Structure formats: C-alpha cells, structure tokens
Amino acid sequence: MIGVRVLQAQGIVPTRADSLLGTLNPKRTSFDVRFYRITVEPDFRTKTLEGRVSIFFTVVEENVFQIQLDLARQMKIRTVLWENRKLPFQREEDAFFILFPRPLLKGETVGLEVHYEGQPREAVLPPWDGGFVWTRDSAGNPWISTAVQGLGASSWWPCKDHPSDEPDSLVITIIVPEDMVAVSNGWPVGTFTWKKKKKKRAFTYAVSYPINLYNVCLNVGKYKELLDHYTVSTGQLLRIRYYPLEVNAAKAEKHFKVEVPAMLSCYERYFGPFPFVRDGFALVETPFAGMEHQSALAYGNGYRGGYLGRDYSGIGLDFDFIIVHEAGHEYWGNAVSGSDRADLWIHEGFCTYAEVLYVECRYGREKALAYINAKKHLVRNDRPILPPRNVNAQGSGDMYAKAALMLHTLRTATQNDSLFLSTLRAILDTFMYKTVDTEALLHFMQRKLGWNLIPVCYQYLRHTELPMLVVRKASEDNRPGFTLQWDAQEEGFELPIRWRFRGETSWRWAIPNNKTPLFLPLSSPSDYQRLEWDDQGYFIKIKKE
C-alpha cells in the first residue's frame with residue numbers, strides 16, 4: 001500500500017492488472033519455472049498468432065492447488081493441458097489461474113501445455129511503446145518484429161511474467177511461409193520444411209542460459225544469414241551471426257566487420273568474456289532502432305554511426321551507438337537482471353555507463369569525459385528512477401543518463417579507478433545469470449568500494465533533486481575559511497568532493513555531509529574567490545554563497 005500511495009502522489013494510479021503482474025503473491029511464489037518450449041505461427045495478413053507453450057516448473061511449497069500465469073487479455077486461451085487432461089482456469093485482467101485436481105507436492109516437477117491464439121498488441125512507437133511490429137521492407141516483403149520491454153512477454157505468449165523468475169533454458173519454434181526466415185534468441189538448432197502440405201518452414205532456436213522474458217523475441221523477414229567468429233580471451237570461439245535484410249546484406253557485412261570486433265574487445269576488457277558464448281552473438285535487422293534481445297540483438301540503426309545518424313553524444317559519429325548500447329545489455333540486463341520492474345535502472349544505468357567505458361577504451365579518457373558529461377542535458381528530473389516495487393511500476397527514463405551519471409560520480413568519489421572498475425567486474429562475477437534487487441546490489445557495491453555510498457545512490461534514484469553542495473564564507477578562531485555542506489534529502493548523505501584553487505593542477509579532497517557544515521581554512525580571505533570544483537567528475541549542483 002505504501003508503494004501505491006507513492007505512485008498516486010506522482011499522479012500514477014496502479015490498476016488491478018498492474019498488481020497482478022507486479023505482485024509476487026502465493027500463487028506465483030509457489031513454483032519456479034525451469035523451462036519453456038514455445039511454438040508460434042504469426043499470420044501477417046490478419047496480424048494474429050496461433051501457438052502453444054509448454055511450461056515446466058518445480059513446486060517449491062507444499063500442497064499447491066492453484067497457480068497464476070499471465071497472458072494479455074486480448075489473447076484467447078484455448079486449452080490448458082496437464083497429464084493428458086484439460087484443466088479448468090479462470091481469467092482476470094492479464095492473468096489466468098489454473099486449478100489442479102490434486103495438490104502439487106513440494107519438489108515435484110510439473111509440465112503444462114497452453115494452447116492459445118489472438119491478435120497481440122501492435123506497437124505504437126517501438127521500442128519505447130512496444131508490442132508487435134507488422135510492416136514491409138523496402139522491397140515490399142512482410143517484416144515482423146517484437147519489442148516488449150515494459151509491456152512484458154505475456155503480451156504475446158503465456159508465461160509467469162515476473163522478472164524474478166527466469167527459466168534456466170528455453171526453446172522457441174517459429175512457423176513462417178517457406179520463402180521467409182525467422183530469427184529468435186539462442187543458437188539455431190533446426191529448420192523443417194513442409195513441401196507438399198502447407199508450404200511452411202519452422203525455425204527452431206535453443207537458449208541454453210537463463211533469460212529474462214521480455215528479451216524473448218520473434219523476427220520474420222527476407223533475411224540473409226552472414227557468419228563470422230571472434231576468439232575470446234579464454235580461447236573459446238564465439239560464433240557470430242548477422243541477419244540483415246537481403247537488400248542490405250553487402251553494407252551490413254562491411255559495417256559489422258568493423259564495429260562488432262571493436263565492441264567485443266572493449267567490453268571483454270572491462271567486463272570479461274561475452275556471457276552467452278554457447279548461444280553465440282547475433283544482430284538482427286529490425287524496423288525499429290534496437291532492443292537487447294539476448295543473443296539476438298535487435299538492430300535498426302541503418303548501418304551508420306551515431307544514433308539514427310545523429311550525434312547526441314558530444315563526440316561525433318565515430319561509432320554505431322545501437323551496437324554498443326544493445327551489446328552492453330548482454331552484460332547489464334541480460335547476464336545480470338533486476339528482480340522487479342522497479343529495478344530496471346540496473347539494466348539501463350549500467351549499460352549506459354558501459355557506453356562510456358567503450359569510448360574510453362577506443363578513444364581515451366578525455367573523450368569519455370566529454371561523452372558522459374554530454375548526457376547531463378538529457379536528464380529531465382521529472383520523477384524518481386526507482387519506483388515502488390511489486391506494482392509493475394517502471395521508473396523515469398532518467399534511468400539511462402542520470403543513473404549513468406550517478407555511477408560516474410561514484411567512480412570519481414571512490415578516488416581509486418582500478419577499485420571502481422574491478423567492482424563492476426565483481427558485480428558480474430557474483431550475479432551473472434541471476435536476478436538482483438537494488439538494495440542487494442548497492443550493499444554489494446558499498447562493501448567492495450569501502451565508503452558509505454548507499455545514501456548517495458538513493459538520492460539519485462529516489463529523488464528528482466540533485467545533491468547540492470552549499471559553499472559559504474566562514475571563519476573559525478579568527479581564521480578565514482569556508483564551509484561545505486550537502487543539501488540532500490537522504491539521511492546520512494556523505495559524498496567526497498574534489499576541489500582546488502584556480503591555477504592548481506592537482507585536486508584536493510573534502511568529505512562534507514548533509515548534517516553538519518565542514519569548515520576548511522584559507523590562507524587569505526581572497527582565496528575564496530579562487531575556489532573551483534570538479535564539474536566533469538560529478539553530477540551535482542553547487543550553490544556558492
């Protein structure tokens with residue numbers, strides 16, 4: 001209820017549907033999904049789907065009679081099968097509740113099969129306002145893609161649609177006309193063609209790692225498969241596949257051969273080997289800019305530098321933003337995932353800072369500073385990045401730029417670059433293929449970095465106001481000086497700050513808080529006018545009185 005009141009104060013009213021999707025009630029916590037087997041056939045003419053999903057789960061509580069699964073209300077459930085019998089189910093909003101004729105026992109492995117059909121939500125502005133995209137390529141061929149971050153996987157297939165429960169693995173089969181190609185997550189394990197019957201082809205892909213469900217994707221088009229490879233530092237061969245539209249194959253091959261190896265090399269330097277090496281790395285051309293579909297990244301940047309050909313980074317059009325950003329998600333968001341929709345900043349903030357490290361790797365520290373500071377003008381401070389949990393709420397779009405600037409501020413304040421960067425690697429090593437919530441992640445970082453950063457992070461995540469450093473002239477025991485104090489809402493806020501006198505080349509450090517002014521002496525009252533602050537290493541406000 002507290003979370004609901006917080007959202008209502010922001011003018012956001014969670015619905016019953018939000019509660020059903022966002023809350024881990026006993027009908028969801030009683031079982032752990034281990035595997036999905038999806039078979040789906042899209043119909044471009046009617047913009048409909050027909051499919052079936054096998055769901056295998058482990059019962060983790062005693063005597064379970066009923067479970068909740070999720071599927072958008074406009075999709076019709078035809079049958080739920082279990083042990084060769086049809087099971088009754090009840091619909092409510094975008095959820096459905098399955099009743100078993102006997103109690104399921106703790107430790108039991110259960111397999112269900114759900115047959116369904118319907119017209120999934122069509123995307124309004126993908127990927128931001130997502131759903132299914134039904135369009136045509138420049139040659140007039142059908143072209144279908146999905147982008148459901150925020151909307152959820154249950155917008156088009158039945159599942160337990162909560163970020164905390166990722167399956168260990170998944171297989172998806174997409175049935176399409178025989179002249180089309182279907183691409184999804186994981187490694188291609190088979191293509192089957194019906195020559196005489198339906199003139200259809202079925203493409204099957206296997207995901208051998210845990211996957212967050214909004215990443216499960218469907219792509220259908222006149223694709224050409226291009227093959228490549230990359231050797232990671234462990235000596236393993238990373239198999240690479242590109243799926244441009246046939247009309248773009250030549251420029252795709254030339255573009256990707258330059259951009260992708262540079263990206264893989266830089267990310268391996270900071271974050272370790274590519275996390276889904278068994279499933280390979282793939283880029284799939286889509287009718288929208290991009291999405292982090294695990295091992296099948298959506299790519300729609302037009303084979304050019306910048307973002308859709310524009311420079312909003314402050315450093316020019318030197319690299320393909322979509323490749324760098326979406327591939328960064330393979331580490332941040334796909335390998336390490338938030339356990340609630342409220343934790344989405346973990347995906348976007350760390351991934352956006354991965355862009356900064358890529359720039360630092362390729363072009364040096366000065367360009368990286370220019371890159372991260374150019375993001376300051378993108379921050380809106382409209383509402384908190386971290387909303388209440390358990391109500392299917394998503395925070396402000398500031399989870400990209402502002403959260404990355406928060407991480408940049410932590411890096412500066414840590415006063416030890418190698419420690420900060422090794423902490424990022426430690427997060428991946430510890431939480432790889434797992435879900436984590438904000439509190440657990442921040443406590444982990446605080447232990448690693450060794451200073452009280454949790455109130456600092458919550459100031460950026462929970463509040464729209466930036467921390468303000470208040471600087472005042474002062475004297476103490478007849479000595480001239482000045483005081484520093486943070487104006488911040490979070491109790492215990494204490495952020496180390498770099499300062500110096502104009503003309504100096506090295507920085508001095510002070511550790512003010514938001515409770516008591518910190519006095520620093522000056523040799524002369526006139527030195528007060530020479531004070532300056534590190535405005536490139538922090539995202540703060542300064543008020544000099």
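Predicted model: local features only at pLDDT ≥ 70, side-chain atom pairs only at ≥ 80, totals over all residues.
Local features need pLDDT of at least 70 and side-chain atom pairs count only at pLDDT 80 or more, while totals for chains, interfaces and linings use all residues. Residues are numbered from 1 along each chain as its sequence is written, and side-chain values use heavy atoms, with hydrogens and water left out.

**View 1. Cysteine 266 and cysteine 361 form a disulfide.** The structure holds 1 disulfide (a pair of cysteine sulfur atoms within 2.5 Å), and here the two sulfur atoms are 2.2 Å apart. The pair links distant parts of the chain, 95 residues apart: cysteine 266 sits in helix α4 (residues 249-271) and cysteine 361 in helix α6 (residues 344-363). Helices (H or I, at least four residues) and strands (E, at least two) are DSSP runs, numbered from the N terminus. The torsion about the S-S bond is about -80°, so the disulfide is left-handed. Cysteine 266 counts as buried at 3% relative accessibility, whereas cysteine 361 is partly exposed at 21%. Buried means under 20% relative accessible area, exposed over 50%, and partly exposed in between (1.4 Å probe, protein chains only).

**View 2. Cysteine 217 and its closest cysteine sulfur are too far apart for a bond.** That closest sulfur belongs to cysteine 159, 14 Å away. Cysteine 217 is buried, with a relative accessible area of 0%. Cysteine 457 is in no disulfide either, with the nearest cysteine sulfur, that of cysteine 351, 18 Å away. Cysteine 457 is also buried, at 0%.

**View 3. Aspartate 168 meets arginine 34 in a salt bridge.** A salt bridge is a side-chain nitrogen of Lys or Arg within 4 Å of a carboxyl oxygen of Asp or Glu, and the count comes to 30. In this one, the N to O distance is 2.7 Å. Aspartate 168 lies in the loop between β10 (142-147) and β11 (169-177), and arginine 34 in strand β1 (residues 31-43), 134 residues apart. Aspartate 168 is partly exposed at 34%, and arginine 34 is partly exposed at 37%.

**View 4. Aspartate 228 forms a salt bridge with lysine 257.** Their closest N and O atoms are 3.4 Å apart. Aspartate 228 lies in strand β16 (residues 226-231) and lysine 257 in helix α4, so the pair ties together parts 29 residues apart in sequence. Aspartate 228 is buried at 19%, while lysine 257 is partly exposed at 42%.
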